[in-house]
Amino acid sequence: MTENSRSEQDGRSSPFDLLQAAALPYRVRQGQLQFCLVSVRRGASWTMPKGNIEQGESGPECAGREAFEEAGLEGRVLEPALCRFVDSKGKKSVEVTVWLLEVEDCLKKWPEKKSRARQWVSPRKAIRLLARPKLVAPVIDAVRRLKWID
């Protein structure tokens with residue numbers, strides 16, 4: 001995956017070294033809202049599909065691509081973006097923009113299946129598994145945007 005800074009992507013300067021897009025995939029099953037989380041490559045923790053925005057790619061396109069590559073999910077990326085947060089990747093500062101992904105298809109095979117697990121969970125369980133406040137906030141924002149009462 002190519003690492004692009006904002007200035008490489010759109011010609012503007014930015015305080016961030018990298019721009020990433022994340023997908024927060026969701027579906028409704030048996031009247032219950034569920035989010036799909038993926039395992040991190042090294043370790044037993046959980047996250048949402050995310051990655052670097054590639055040259056010539058929009059944020060929503062990247063979010064959809066990452067959901068496919070990391071979780072085998074296809075669907076519709078909802079606009080506007082759900083939220084943004086700042087993170088770090090080594091010594092680099094990263095701006096992550098999160099989009100909701102309304103899942104239409106959940107594939108049995110996907111590019112990163114051998115290195116990542118996926119699981120569908122309730123909003124409450126997603127909050128417990130994500131643990132980091134930066135990752136929990138998008139779940140809370142999504143529940144509010146979807147007007148879901150649990």
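Which residues touch the most other members of the largest nonpolar core? In this predicted model, local features need pLDDT of at least 70 and side-chain atom pairs count only at pLDDT 80 or more, while totals for chains, interfaces and linings use all residues. Residues are numbered from 1 along each chain as its sequence is written, and side-chain values use heavy atoms, with hydrogens and water left out.

The answer is Leu24, Phe35, Val98 and Leu100, out of 25 residues in that core. A nonpolar core here is a set of buried Ala, Val, Leu, Ile, Met, Phe, Trp, Tyr and Cys residues joined through side-chain atoms within 4.5 Å; buried means under 20% relative accessible area with a 1.4 Å probe, protein chains only. At least two residues each come from E1, E2, E6, E7, H3 and helix H4 (133-145), with H4 giving the most, 5 residues. Helices (H or I, at least four residues) and strands (E, at least two) are DSSP runs, numbered from the N terminus. Apart from this core lies another, of 15 residues, among them Ala21, Val38, Leu101 and Val103.

Now for Leu24 itself. Setting aside neighbours within four places in sequence, leucine 24 is in contact (heavy atoms within 4.5 Å) with Phe35, Met48, Leu82, Val98, Trp99, Leu100, Leu101, Pro138, Val139 and Ala142.

Strand E1 (residues 18-29) has 10 of its 12 residues buried, so the rest of the structure largely encloses it. Strands count as paired if DSSP finds at least two bridges between them. E1 runs parallel to strand E7 (residues 92-106), joined by 9 bridges, and here alanine 22 stands opposite valine 98. With strand E4 (residues 50-52), E1 pairs in the antiparallel sense over 3 bridges; there, alanine 22 has lysine 50 as its bridge partner. Strand E2 (residues 32-39) is also antiparallel to E1, through 4 bridges, and tyrosine 26 stands opposite phenylalanine 35. The hairpin of E1 and E2 has 2 residues between the strands, and glutamine 30 takes a positive phi near 50° in it.

About 640 Å³ of it lies in the largest pocket. Of the 25 residues lining this pocket, Gln20, Val40, Lys50, Lys89 and Arg116 lie nearest its centre. On a 1 Å grid over the protein atoms alone, a pocket is an open set of points where a 1.4 Å probe fits, with protein on both sides within 12 Å along at least five of seven lines; lining residues have an atom within 4 Å of a point. Grid points are joined across faces, edges and corners, and a volume is the space filled by probe spheres set on the points.

How values were computed
Buried means under 20% relative accessible area, exposed over 50%, partly exposed in between (1.4 Å probe, protein chains only).
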